[in-house]
Amino acid sequence: MRRFLVAGNWKMNGDSAANAALVAGIIAGLEASDGVDVLVCPPYPYLAAVAAQVSDSSLLLGAQSVSEHTAGAFTGEVAPAMLQEIGCRYVIVGHSERRALYGETSEQVAAKFQAAQDAGLTPILCVGESLEEREAMATESVIAGQVAAVVAVSGVDAFASAVIAYEPVWAIGTGEVATPEQAQDAHFHIRGLLAAENADVAANLQILYGGSMKGENAPGLLSMPDIDGGLIGGASLKSADFLAIVNAGVEAVR
Ligand code: PEP
């Protein structure tokens, strides 16, 4: 039985006071989150403070990106072991904003995935197609290529301790959400890609949906058989909005 995971990607938002209030609000609402793991991914400068704040709670901590290198002359970068040391358990790799705005290639994403696992972090690998790719009926081949790049470096068995987030680029931050059926089709495809090589790993893999998920649309998405939670951007910045999605997960687990 796969657990649900609801992960908040705060992106480049927040400040010390706002973060403290947000985390306090989430923790206060977590008492009833049985069966659902809940994760926040703040910007780097706030990770240590949030780590301290969540230390006596079940709220998990992750980062939004990571270097593929372990140490050295990489100005501005953050090593996986640094994240691990300050209390991160997860790290997002291959978010479409990293791919589109910072030119991260699938090969670089694969190196980050492996580096994260080497340091004991659970990578959340983001995959997904652009609008043009969907309209060109290339959704499945795009996703297959993004997954294959990681499998080529780390192997399918590495997904025993990883998470995949299906995030159609056209749905991120746009208010346009994939229908439950569109998302389910993509998640089923992703699971099938891995099942072809290791059925157990595929069956146990958490696959999250990301793209304008909110309290209103979460129940429909989370009721789908291959959707195991959400990666949430905008709606992760207010505790009530985020908890509405967590609660939809709790209901879906029941
Ligand atoms: C994201 O950036 O991963 C995301 C899903 O954003 P939003 O929920 O705002 O669409």
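Gly14 sits in the loop between strand 1 (4-9) and helix 1. Helices (H or I, at least four residues) and strands (E, at least two) are DSSP runs, numbered from the N terminus. This is a predicted model: local features need pLDDT of at least 70, side-chain atom pairs count only at pLDDT 80 or more, and totals for chains, interfaces and linings use all residues. Residues are numbered from 1 along each chain as its sequence is written, and side-chain values use heavy atoms, with hydrogens and water left out.

- Gly14 is partly exposed, with a relative accessible area of 47%. Buried means under 20% relative accessible area, exposed over 50%, and partly exposed in between (1.4 Å probe, protein chains only).
- Gly14 and Pro43 are 29 residues apart in sequence, yet their C-alpha atoms are 8.2 Å apart in space.
- Beyond its neighbours within four places in sequence, Gly14 is in contact with Asn19 and Tyr46. Contact means heavy atoms within 4.5 Å.
- Lys11 lies in the loop between strand 1 and helix 1. Its relative accessibility is 21%, so Lys11 counts as partly exposed.
- The phi of Lys11 is positive, near 55 degrees, in a residue other than glycine.

**Helix 1**

- Helix 1 (residues 16-29) has 14 residues. From first C-alpha to last it reaches 20 Å, close to the 20 Å expected at 1.5 Å a residue. The expected span is 1.5 Å times one less than the number of residues.
- Asn19, Leu22, Val23 and Ile26 are the buried residues of helix 1. Seen down the helix axis, they fall within an arc of 95 degrees, so they line one face. The arc is that of the directions from the helix axis to the C-beta atoms.
- An α-helix has 3.6 residues a turn, so residues three or four places apart point the same way.
- Ala17, Ala21 and Ala28 are exposed, on the face turned away from the buried side of helix 1.
- The buried residues of helix 1 pack against strand 2 (36-41), helix 2 (47-54) and helix 11.

**Ser236**

- Ser236 is in the loop between strand 8 (229-232) and helix 11 (239-253).
- At 0% relative accessibility, Ser236 counts as buried.
- A polar atom of the Ser236 side chain lies 2.7 Å from the backbone oxygen of Gly233. The backbone oxygen of Ile232 is 3.3 Å from a polar atom of that side chain. A polar contact is a pair of N or O atoms within 3.5 Å; within protein, one must be able to donate a hydrogen and the other to accept it, and residues adjacent in sequence count only if both atoms are side-chain atoms.
- Apart from neighbours within four places in sequence, Ser236 is in contact with Gly8, Asn9, Trp10, Leu22 and Phe242.

**The ligand**

- The ligand is surrounded by 14 residues, and the closest are Lys11, His95, Glu167, Gly173 and Ser212. A residue is near a molecule if one of its heavy atoms lies within 4 Å of it.
- A polar side-chain atom of His95 lies 2.8 Å from an oxygen atom of the ligand.
- A polar backbone atom of Ser212 is 2.7 Å from a ligand oxygen atom.
- A polar backbone atom of Gly233 is 2.8 Å from a ligand oxygen atom.

**Another loop**

- Met137 lies in the loop between helix 6 (131-135) and helix 7.
- At 74% relative accessibility, Met137 counts as exposed.
- Met137 is not a glycine, but its phi is positive, about 60 degrees.
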